[in-house]
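Welcome! Please take a moment to look over the molecule shown here before reading on.

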Amino acid sequence: MPGPFKPNDAPVWPLLAKHRRAAQRFSLPRLFEQEPDRFERMHCSAAGLTLDYSRSLATAETVSLLLQAAEAVQLRDRIEALFGGGEVNPTEGRAALHTSLRDAGAGTPHRGEIEEVQRRIASFAVTLRAGGWIGATGRPVTDLVNLGIGGSDLGPRMVTAALHGDDPGRVRCHFVSNIDGADLAQVLAGLAPETTLFIISSKSFSTLETLQNAAAARQWLSGMAGREEDYARHLVAVTANPGRATEFGIPEDNIFPLWDWVGGRYSLWSAVGLPIVVAAGVDNFNELRAGAAAMDEHFRQAPFGENLPVLLGMLGIWYLNYWNATSYAVLPYLQRLRLFPDFLQQLEMESNGKSMRTDSRAVDYDTAPVVWGSVETNGQHSFHQLLHQGTRFVPVEFIAALEPGRGGDERHPWVLASCLGQARALMTGKTREEAREELLKEGKPEDEADRLAPHKAMPGNRPSNLILLERLDPRHLGALIALYEHKVYVQSVVWHTNAFDQYGVELGKVLGKRIHGALTGGDAGDLDPATRGVIDLYKKKYGK
Ligand code: F6P
């Protein structure tokens, strides 16, 4: 059971705890009555994004204390360490320099190698997009299939979906991540080996799902006429382990490097982003990077009180560590951002879902809330009921755009109105009295109105943030992604977690391999009875 939140000895933590007790009385509608300028004071903008946190359970005092807390963990120094190539990933002895990939200006660490790879990415994408990548049988490639998982899938998949149709080339992009053969089969069903190119995207080049899919893809390619050595023209790798990619049969010229100073879930800015460049073009990828670079600059320079990632991160700390909000919902009101919640789940939960501090002490407080959500307005007809009337306290992050960009139409005001309507409903709720009045106006008899009013009343006082993009385009999307990357970093600094390792994923992988051995004829050995029981059922079914 987590104790009082006190990540270090600074006096601000008990002050925040005391303030939290006073905050029990906060009522959002009343706060707005008392402070009519709340919106003016509690929104700020950078890189074309506005963070409106006026509907948060916070006052000027709350924000001031949270910013003192950010100072108390030396956040400013830690930001400089991130950008300057400091060892911010101490368990693996590495820097985390994804920021260098968006703006390799003078003085940027690794500038030379970044620029060289970017040139190769651009030239590959230009050739492919123009229909100039010729396959083994002399036909141009028309379809690209990215085989990767986790960070080697979610980022490029999300951005490619968001930018779909922006400057499309002649090549369609597809993504396969799951080891369940149905994933690959579904994608390959409409494709021909002669005109398909696979990118095997794996930083380690040892990830089970990706290698299994790559082997299946190679097998599929072998159905094509021609010499086996020519199939290699249909395989490209993105990896930090070129030796393994070569062993797999990928020609050296088709291997794009990745570096240990780019974490998997922060890698879409590197060659892992190849599908983005193929789908949306070099200029749009550069715009994406430029948007992220603008957010980087803001994160580095802006005072904490106007700093979007700092404010967002510290408000997250407020809700998790002081209000026990163990989850939060992220709700994009933009169809093209439908995969954003999936992307954020890895970014936030793989980065900060830790119980050990960087100083090797166990945390005695919560880290990383569960992130969930879906594209809107679909969620309104699904889980919003729980958000409005359920027993759980779930802060919400709305993402919307003033201008929807491509694909949006004259219905956009409906989209924005739906988003603002939900935010307002969460905030103001509806009293029993109001509900009763409405029922009477509808013509219900008094006893019926009395009976139904409590069911129709809504508690309100449920907080939300709104992140408003000027427009959904590559530049603002880049800024949005960087905003969340930095928010995660801010929180890791407060929680003293290492946001750049992920040891927790290892054990399940090792056990999976052992169990696979047992399922396919090996000995179940000292596995537990529950696991052995299912293995026996499987073996009986398949007569093994
Ligand atoms: O299993 C987790 C993980 O290591 C993620 O951190 C990573 O993004 C994903 O697997 C894929 O790893 P790789 O790019 O090495 O195949």
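## About the model

This is a predicted model, in which local features need pLDDT of at least 70 and side-chain atom pairs count only at pLDDT 80 or more, while totals for chains, interfaces and linings use all residues. Residues are numbered from 1 along each chain as its sequence is written, and side-chain values use heavy atoms, with hydrogens and water left out.

## Overall fold

The protein has 20 helices and 11 strands; these are DSSP runs numbered from the N terminus, with helices (H or I) of at least four residues and strands (E) of at least two. Along the principal axes, its C-alpha atoms fill a box of roughly 80 × 60 × 60 Å.

## Around the ligand

Among the 14 residues around the ligand, the nearest are G151, S152, S202, S204 and T207; a residue counts as near if one of its heavy atoms lies within 4 Å. The shell divides into 8 polar, 4 charged and 2 nonpolar residues.

A side-chain N or O atom of T207 is 2.5 Å from one, a polar side-chain atom of S204 lies 2.6 Å from one, and a backbone N or O atom of K203 lies 2.8 Å from one. A polar contact here is a pair of N or O atoms within 3.5 Å.

## Two backbone details

Most residues other than glycine have a negative phi, and most peptide bonds are trans. A47, not a glycine, has a positive phi of about 50°, and lies in the loop between strand 1 (43–46) and strand 2 (49–52).

E376 and T377 are joined by a cis peptide bond with omega of about 20°. T377 is in the loop between strand 9 (370–372) and helix 14 (384–389).

Definitions and conventions:
A polar contact is a pair of N or O atoms within 3.5 Å; within protein, one must be able to donate a hydrogen and the other to accept it, and residues adjacent in sequence count only if both atoms are side-chain atoms. Ala, Val, Leu, Ile, Met, Phe, Trp, Tyr, Cys and Pro count as nonpolar, Asp, Glu, Lys and Arg as charged, and the others, Gly among them, as polar.
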